[in-house]
Amino acid sequence: MTEYVAPGLHLLVDFWECRHLQDMAVIEKAMRDAAAVCGATVLEIKLHSFGESAGITGVAILAESHMSIHTWPEINYIAIDIFMCGRCDPHRAVDVLKTVFKPGRVKIGEHRRGA
């Protein structure tokens with residue numbers, strides 16, 4: 001009998017005291033780089049800015065699932081959602097995102113989907 005393996009790992013990542021909360025080019029590159037280091041395939045990235053002094057929201061649609069990001073510059077906070085299936089390790093994405101956004105404080109919640 002084959003051992004059951006959960007199909008994916010879902011991380012909920014909170015970054016406080018960050019940089020680049022309103023820079024769409026930096027955010028898009030960070031998402032692409034984070035997916036690449038995990039071995040994930042980016043199908044599409046869609047980002048939306050809420051204006052000059054407001055945050056950005058966006059999603060990277062991956063063949064292996066998705067990453068989303070929501071920034072709140074008024075409280076210097078970023079919420080990131082990373083769900084990856086297969087052999088991709090979303091923890092590797094977190095390391096890339098930490099390098100880009102340089103958070104002063106980080107909280108990571110982990111959930112095995114389908115377990």
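**Entry 1: the core**

I looked up the largest nonpolar core, and it has 30 residues. By nonpolar core I mean a set of buried Ala, Val, Leu, Ile, Met, Phe, Trp, Tyr and Cys residues joined through side-chain atoms within 4.5 Å. Buried stands for under 20% relative accessible area, exposed for over 50%, and partly exposed for in between (1.4 Å probe, protein chains only). Met67, Ile82 and Phe101 have the most contacts inside this core.

H1 gives the largest share, six residues. Helices (H or I, at least four residues) and strands (E, at least two) are DSSP runs, numbered from the N terminus. I jotted down a reminder that in soluble globular proteins, nonpolar side chains tend to be buried together.

A note on the source: this is a predicted model, where local features need pLDDT of at least 70 and side-chain atom pairs count only at pLDDT 80 or more, while totals for chains, interfaces and linings use all residues. Residues are numbered from 1 along each chain as its sequence is written, and side-chain values use heavy atoms, with hydrogens and water left out.

I started with Met67, which is found in strand E4. Is Met67 buried or exposed? Met67 counts as buried, at 2% relative accessibility. Setting aside neighbours within four places in sequence, I found Met67 in contact (heavy atoms within 4.5 Å) with Met31, Ala34, Ala35, Gly58, Val59, Ala60, Leu62, Asp81, Ile82, Met84 and Ala93. From Met67 to Ala40 I noted 11 Å, C-alpha to C-alpha, with the two 27 residues apart in sequence.

Then I turned to Ile82. Not counting residues up to four places away in sequence, Ile82 touches Leu9, His10, Leu11, Val13, His66, Met67, Pro90, Ala93, Val94 and Leu97.

**Entry 2: H1 against H2**

I checked how the two helices pack. H1 and H2 meet at an angle of about 150°, and their axes are 8 Å apart. Axes are lines fitted to C-alpha atoms, for helices over the stretch in contact, and angles run from 0 to 180 degrees between N-to-C directions. That angle makes H1 roughly antiparallel to H2. The cut-offs are under 35 degrees for roughly parallel, over 145 for roughly antiparallel, 65 to 115 for roughly perpendicular, and oblique for the rest.

Which residues meet here? From H1 I listed Val26, Ile27, Ala30, Asp33, Ala34, Val37 and Cys38, and from H2 Pro90, Arg92, Ala93, Val96, Leu97, Val100 and Phe101. By class, this contact has twelve nonpolar, no polar and two charged residues. Here Ala, Val, Leu, Ile, Met, Phe, Trp, Tyr, Cys and Pro count as nonpolar, Asp, Glu, Lys and Arg as charged, and the others, Gly among them, as polar.

While in H2 I also looked at Asp95. Asp95 is partly exposed, with a relative accessible area of 47%. The C-alpha atoms of Asp95 and Val37 are separated by 9.4 Å, although the residues are 58 apart along the chain.

Ile45 lies in strand E2 and is buried, with a relative accessible area of 13%. Beyond four places in sequence, Ile45 touches Glu28, Met31, Arg32, Val59 and Ala60.

Where does Ser53 lie? I found Ser53 in the loop between E2 and E3, and at 64% relative accessibility Ser53 counts as exposed. Leaving out residues up to four places away in sequence, Ser53 touches Gln22 and Pro73.

**Entry 3: backbone angles**

Most residues other than glycine have a negative phi. I noted two residues with a positive one. His20 is not a glycine, yet its phi is about 65°. His20 sits in the loop between E1 and H1, and counts as partly exposed at 35% relative accessibility. Ser65, in strand E4, has a positive phi near 135°.
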